[in-house]
Structure formats: structure tokens, C-alpha cells
Amino acid sequence: MKIKGAIFDLDGTILDSTWVWSKVDEDFLSGHGFEVPDDYSRAVSTMGFSEVASYTIERFSLSSTVDEVLAQWHRMARDAYANEVELKPGTKELLQYLQEQGIPAGIATSNSVSLFEDCLRNRGIFDLFHSYTETGDVKRGKKFPDVYIKEAEKLGCRPEECIVFEDIIPALLAAREGGFITVGVMENKWEYDRAEFAGCCDYVVHTPSEAVELVKSL
């Protein structure tokens with residue numbers, strides 16, 4: 001098998017950042033008099049920012065507009081991404097190995113470049129990526145393979161030649177449906193059953209550091 005491209009999700013996959021959104025959810029909803037429902041994080045995990053904002057406004061009957069909610073979330077998360085979010089172990093080493101092998105790496109994310117660019121630059125990995133695609137650039141969220149297909153096109157490879165790293169089950173299933181080689185990266189926040197998680201992807205790793213040997217084997 002010849003790998004010609006690698007696509008990475010950001011939050012929970014190569015960035016230790018899910019805590020940021022847990023804090024944003026808690027602070028934002030408490031400011032409106034609500035606690036975070038148990039199912040909220042998973043319900044929005046595959047959505048793009050605008051879709052999450054619309055869902056949140058409707059679910060909690062908020063009077064805010066989508067743009068107002070997005071602006072508030074951005075303010076709440078910006079400093080944490082720039083200064084506090086760290087890479088998951090082995091992320092830089094994996095990206096450097098791919099670069100050494102001439103395998104372009106891309107990003108497929110529900111996040112926004114206005115948040116993640118400073119984070120990736122400050123951690124020294126922004127220039128290790130060939131390109132990026134946000135879910136806002138395609139018609140459907142990560143329950144569908146659209147964002148991975150678009151990013152694979154940017155990388156110049158077919159899905160079956162491209163490996164996708166993700167941390168949530170619906171996204172892994174979508175990428176697999178799209179014909180991609182899938183690697184599940186375990187993220188504690190989701191509390192997935194190991195067997196269930198493994199059944200949704202081709203390979204499982206706990207951190208990106210484990211993926212270096214995996215990519216070598218492929």
C-alpha cells in the first residue's frame with residue numbers, strides 16, 4: 001500500500017484542545033442560565049461552527065444571532081488556542097516524518113483558521129501542512145466524507161491513497177465510507193468503548209506518537 005497523503009483532524013486528534021470547548025460550553029451556557037446537557041458535546045461534535053451556533057440557539061431558545069454567538073465563542077477560545085493548547089505527544093515527529101517521505105499532510109476540521117493558525121504557528125507545525133479545509137467550505141459536516149474528499153483533492157491524491165486521523169466515531173465512519181484509510185486516535189473526553197471505537201476504523205492509536213511506526217508499516 002502506498003500512502004500519498006495524510007489528513008488530520010485538529011481538536012482531540014493532534015491538539016489537546018477539547019478542554020477549551022468544554023470550558024466555552026460551560027461558560028457560555030451558564031451565562032444564559034443553563035447547564036451543559038450530557039449529550040451536548042457529542043451532538044455537536046461533527047458540526048461546523050455555524051451549524052453548532054444554529055443548533056445551540058434553537059435548542060436553548062436564545063435571542064442571539066449566529067454571528068453574535070460565533071463572535072462570543074471566538075473571543076472565549078482565542079487566547080487559550082494561542083497560548084495554552086498543546087500538541088498531543090508525537091504530533092510534530094509524525095508530521096516531520098511525513099514531510100521527509102514526501103507525503104503531503106492536510107487538515108480537515110470543524111475549527112476555524114482564525115483560531116488554529118496562531119496555535120499551529122506557535123507550536124511550530126503550521127508550515128508542515130500543505131493545505132487545510134474547514135467544514136464551512138463544504139455543504140455537509142463530518143457525518144459525511146465531503147471535507148476529507150475536498151482536502152484529498154488539494155493534496156492531489158485519491159481517498160484510497162490517503163490516511164485520515166480522527167478522534168470521533170461518526171467522522172471515522174464517514175471517512176471510511178468515503179474510501180479513506182482511517183486511524184482512530186483515542187481521546188479521553190469521548191469515553192468510547194475501545195472495541196466499539198476499533199470497529200469504526202482501520203487502525204487505532206492512543207497518541208500520534210504511535211502512528212509513526214504505523215505509517216512506516218503502510
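This is a predicted model: local features need pLDDT of at least 70, side-chain atom pairs count only at pLDDT 80 or more; totals for chains, interfaces and linings use all residues.
Local features need pLDDT of at least 70 and side-chain atom pairs count only at pLDDT 80 or more, while totals for chains, interfaces and linings use all residues. Residues are numbered from 1 along each chain as its sequence is written, and side-chain values use heavy atoms, with hydrogens and water left out.

View 1. Helix H8 spans residues 169–177 (helices, H or I, of at least four residues and strands, E, of at least two are DSSP runs numbered from the N terminus). Ile169, Ala171, Leu172, Ala174 and Ala175 are buried (under 20% relative accessible area, 1.4 Å probe, protein chains only). The buried residues of H8 pack against helices H7 (146–155) and H9 (194–198) and strands E6 (162–166) and E7 (181–185) (contact: heavy atoms within 4.5 Å). Just after H8, glycine 179 has a positive phi of about 95°.

**View 2. The largest cavity.** A cavity is a set of points on a 1 Å grid over the protein atoms alone where a 1.4 Å probe fits but cannot get out; lining residues have an atom within 4 Å of a point. The largest cavity has a volume of about 430 Å³, volume being the space filled by probe spheres set on the points. It is lined by 23 residues, with Asp11, Trp21, Val44, Ser45 and Ser110 closest to its centre.

**View 3. The largest pocket.** A pocket is an open set with protein on both sides within 12 Å along at least five of seven lines. The largest pocket holds about 200 Å³ of space. Among its 15 lining residues, Gly48, Phe49, Ser50, Thr135 and Gly136 lie nearest its centre. H3 gives the most to this lining, with 3 residues.

How values were computed: Buried means under 20% relative accessible area, exposed over 50%, partly exposed in between (1.4 Å probe, protein chains only).
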